[in-house]
Amino acid sequence: MSLNRCMYLFSRLQRHISPHTARITAGSCHVPSGVLHKQHQAGSGVCSRHVSSNSSSPKAPDTSLFVPVPLKTDPAVDGSVGAELTQPLDKNQLLKMLNKFYKRREMQKLAADHGLDARLFHQAFISFRKYVLEMTALPADLHIILSDICFGAGHVDDIYPYFMRHAKQIFPMLDCMDDLRQISDLRHPANWYPEARVIQRKVIFHAGPTNSGKTYHAIQRFLAAKSGVYCGPLKLLAHEIFEKTNAAGVRCDLVTGEERTFTDPEGRASGHVACTIEMCSVNTPYEVAVIDEIQMIRDLSRGWAWTRALLGLCAEEIHVCGEPAAINFIRELMFTTGEEVEVHNYERLTPFTILDQAVESLDNLRPGDCIVCFSKNDIYSISRQIEARGLECAVIYGSLPPGTKLSQAKKFNDPDDACKILVATDAIGMGLNLSIKRIIFNSLIKPNINEKGEKQMDAISTSQALQIAGRAGRFSSKFKEGEVTTMHREDLPVLKEILSQSVDPIETAGLHPTAEQIEMFAYHLPDASLSNLVDIFVSLSQVDGVYFVCNIDDFKFLADMIQHIPLNLRSRYVFCTAPINKKQPFVCTSFLKFARQFSRDEPLTFDWICRHINWPLALPKNIKDLVHLEAVHDVLDLYLWLSYRFMDMFPDTAMIRKIQQELDHTIQEGVLNITRLIRASNSTITDPLQTQGSMHGNVGTSSSNNVTGRTGQRRQGGSGVMIDSSLASRLVREGLLTTDMLLQLQREWSEETDDKNNDNTGKRKNKKK
């Protein structure tokens with residue numbers, strides 16, 4: 001090798017020749033000061049390099065969420081410099097050396113001190129070994145070190161700095177863990193709202209059960225104020241306050257996720273606004289703010305919105321309405337802001353009585369009855385049975401459009417209408433004024449989402465039972481006293497026990513990562529997916545004992561769905577916060593198409609939407625058609641929701657709203673004829689009462705007569721309807737078993753019984769021989 005060539009090689013190795021250049025420097029990533037200042041202004045928490053003295057020890061990250069980043073290598077940087085300075089490396093010798101390094105406990109401990117637990121150490125080593133053995137040309141400094149070790153001029157531990165350099169390349173979060181912890185520190189959410197902290201707010205808690213007038217008194221103060229904001233949990237409630245306020249001669253605007261209505265002809269904002277709680281502004285000053293249903297601050301999915309409103313609204317007076325169970329918690333929360341809470345207690349204006357008898361048969365229904373179900377299938381089957389008896393009934397469930405719900409409520413409330421029975425889900429618990437005499441629980445089991453985001457079947461809580469039961473005998477209705485009972489006899493003592501218990505006190509409030517916080521995470525982890533960013537954020541987040549991070553499964557579901565679509569992070573985040581029903585395939589498909597069209601920078605026009613939903617749509621012929629129309633209505637809601645966040649890309653709001661109103665009327669027509677639709681659905685929706693009775697009747701004629709005795713059937717009146725109190729019937733009624741599954745179990749049980757009988761007969765014959 002020539003002298004000039006040697007000098008050239010050594011000049012290129014100046015930055016590599018000493019292994020000390022690969023020192024491990026923890027916490028070397030820093031957030032630009034501008035980004036930090038932006039986060040503070042946006043109310044996303046102050047990020048500081050210094051942890052406060054009263055902070056607890058850092059939370060150990062869930063390293064199973066750390067996804068290795070593909071390594072970007074450029075062999076042209078050093079070429080074959082290492083091989084020219086030393087000699088080519090023997091792969092077999094390298095493998096033995098690397099495996100020896102992996103087994104060194106000292107190296108594992110040293111790596112753990114720098115953030116590599118056993119899982120990450122193993123993943124990093126596999127990647128490092130593959131890199132060393134498969135790369136045609138290694139970086140010169142690594143090549144020289146490996147060569148020295150092979151020839152006895154170095155120790156296997158000398159590999160460690162290069163191993164850690166590789167680990168930090170595939171796990172970039174290791175190099176900025178302190179910054180990530182600071183960004184995800186959620187222990188002082190009150191400090192996120194500096195504008196609210198500079199005013200001394202007066203907090204008034206209106207506490208009482210349903211139908212106690214607590215919200216009425218708060219609204220009276222809202223109407224008397226020069227400016228005010230009402231924050232409700234439902235669009236229907238916001239719309240009701242919007243209409244009542246304007247009817248009282250006070251100009252009021254309406255703001256929901258999908259709608260903006262300004263009373264001023266020129267579109268100027270009024271002093272009063274009624275909004276859904278997620279849409280309230282924490283930057284606009286008001287004289288009075290009303291936060292309704294404050295107990296929902298502990299809701300696993302939406303609780304963050306109540307926390308944000310309570311801590312962040314810039315109002316001289318905050319009127320909070322809700323259950324007495326939240327009083328102590330709200331006091332504790334306001335203690336962190338230095339604000340006192342004044343409590344006004346209210347009693348229920350009209351009583352309701354828990355009856356001593358269950359209804360047991362639909363023949364025993366009376367005008368003013370409301371049957372509450374927790375599944376749409378039960379709604380369909382019970383409404384069919386009621387109309388088979390020559391009675392009209394109204395139907396209300398959660399996925400119906402607001403206009404249809406109001407139409408059905410009006411039909412039920414109208415004293416001149418023949419409809420005197422209501423079949424509904426717990427959607428009646430809030431937002432609708434209904435003239436109900438008697439609440440009848442068809443079941444006490446409701447599907448819930450637990451803290452882990454898993455669906456489970458569980459008995460309704462005392463709070464839920466009171467919320468629903470309280471709809472009977474409303475002060476403003478013609479029924480001044482309410483009654484509550486169950487459809488099935490065995491449920492009645494359970495309901496009495498639930499209602500006799502005190503409501504569990506509120507102990508925690510929800511929080512949710514903001515777009516600013518996720519953007520700061522992405523600054524450090526530019527190659528991570530949005531779903532992974534949120535996972536890591538929640539894994540590292542620190543919260544005080546009174547807070548929890550809300551369930552983000554729906555957010556992650558949407559993030560994973562559009563991960564392959566090229567969007568900037570802020571747009572991707574906004575799309576993933578869209579309130580869609582992920583159980584509806586058509587809605588999910590539409591969401592995906594919206595995101596794809598948006599990514600191409602192609603506006604979603606009215607014509608494009610009409611082609612997508614196949615507008616105009618015909619009247620539904622069966623339940624499947626009705627469900628599809630409900631999904632289309634949700635898709636139009638999604639368009640309107642996105643149109644207020646990306647106005648230029650979703651430009652035809654007025655036309656979309658017009659066809660949505662037409663669709664609402666079409667759905668109303670379908671619901672009015674729901675019995676005919678059910679009959680046309682080729683009886684795929686079975687009657688959980690009649691089917692079970694006839695099914696068990698068939699079992700009674702089979703080989704084992706004592707099966708009939710265990711089912712506990714009861715005939716009611718002359719209707720021939722059987723109410724079955726067996727475990728099998730309860731499982732079918734609660735949606736845990738289908739009738740087909742039950743029939744299959746019966747067939748298998750009968751076959752098994754026959755086999756045993758045949759075996760016993762054979763044994764007896766053998767004994768006689």
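Mentor: Start with the residue classes. Ala, Val, Leu, Ile, Met, Phe, Trp, Tyr, Cys and Pro count as nonpolar; Asp, Glu, Lys and Arg count as charged; the others, Gly among them, count as polar. Keep in mind that this is a predicted model.

Trainee: Which residues line the largest cavity?

Mentor: The lining consists of Pro367, Gly368, Phe412, Asn413, Asp414, Lys420, Ser435, Lys478 and Phe479. Sorted by class, that gives 3 nonpolar, 3 polar and 3 charged residues. Gly368 is in this lining, and Gly counts as polar by the definition.

Trainee: What makes a space a cavity and not a pocket?

Mentor: In a cavity, a 1.4 Å probe fits but cannot get out, whereas a pocket is an open set of points. With a threshold of 30 Å³ or more, the count here is 1 cavity. The volume of the largest cavity is about 80 Å³, so it belongs in that count.

Trainee: How many residues line the second largest pocket, and which lie nearest its centre?

Mentor: There are 40, with Asn211, Ser212, Gly213, Thr215 and Arg474 nearest the centre. The pocket's volume is about 990 Å³. Its lining has 16 nonpolar, 15 polar and 9 charged residues.

Trainee: Which helices each supply at least two residues of that lining?

Mentor: They are H11 (214–224), H12 (235–247) and H17 (462–469). H11 gives the largest share, 6 residues.

Trainee: Now the sheet. What is the order of its 8 strands?

Mentor: E4-E3-E5-E2-E6-E7-E1-E8, in an open sheet with mixed pairing. E4 (260–261) and E8 (341–345) are its edge strands, each pairing on one side only.

Trainee: Which strands does helix H14 lie across?

Mentor: H14 (residues 327–335) lies across E1 (202–207) and E8, at about 165 degrees to E8.

Trainee: Why is glutamate 195 called partly exposed?

Mentor: Buried means under 20% relative accessible area, and exposed means over 50%. Glutamate 195 has 42% relative accessibility, so it counts as partly exposed. This residue is found in H10 (residues 194–197).

Trainee: What does glutamate 195 touch, beyond residues up to four places away in sequence?

Mentor: Its contacts are Val282, Asn283 and Cys314. Proline 285 is 90 residues from glutamate 195 in sequence, yet 9.1 Å away in space, C-alpha to C-alpha.

Technical notes: Residues numbered from 1 in each chain as written. Predicted model: local features only at pLDDT ≥ 70, side-chain atom pairs only at ≥ 80, totals over all residues. Heavy atoms only, no water. 1 Å grid on protein atoms, 1.4 Å probe; cavity = no way out; pocket = protein on both sides within 12 Å on 5 of 7 lines; lining within 4 Å. Points joined across faces, edges and corners; volume = space filled by probe spheres on them. Helix = DSSP H or I, 4+ residues; strand = E, 2+ residues; numbered from the N terminus. Pairing = 2+ DSSP bridges. Contact = heavy atoms within 4.5 Å. Axes fitted to C-alpha atoms, helices over the stretch in contact; angles between N-to-C directions. Buried < 20%, exposed > 50% of the residue type's maximum accessible area, 1.4 Å probe, protein only.
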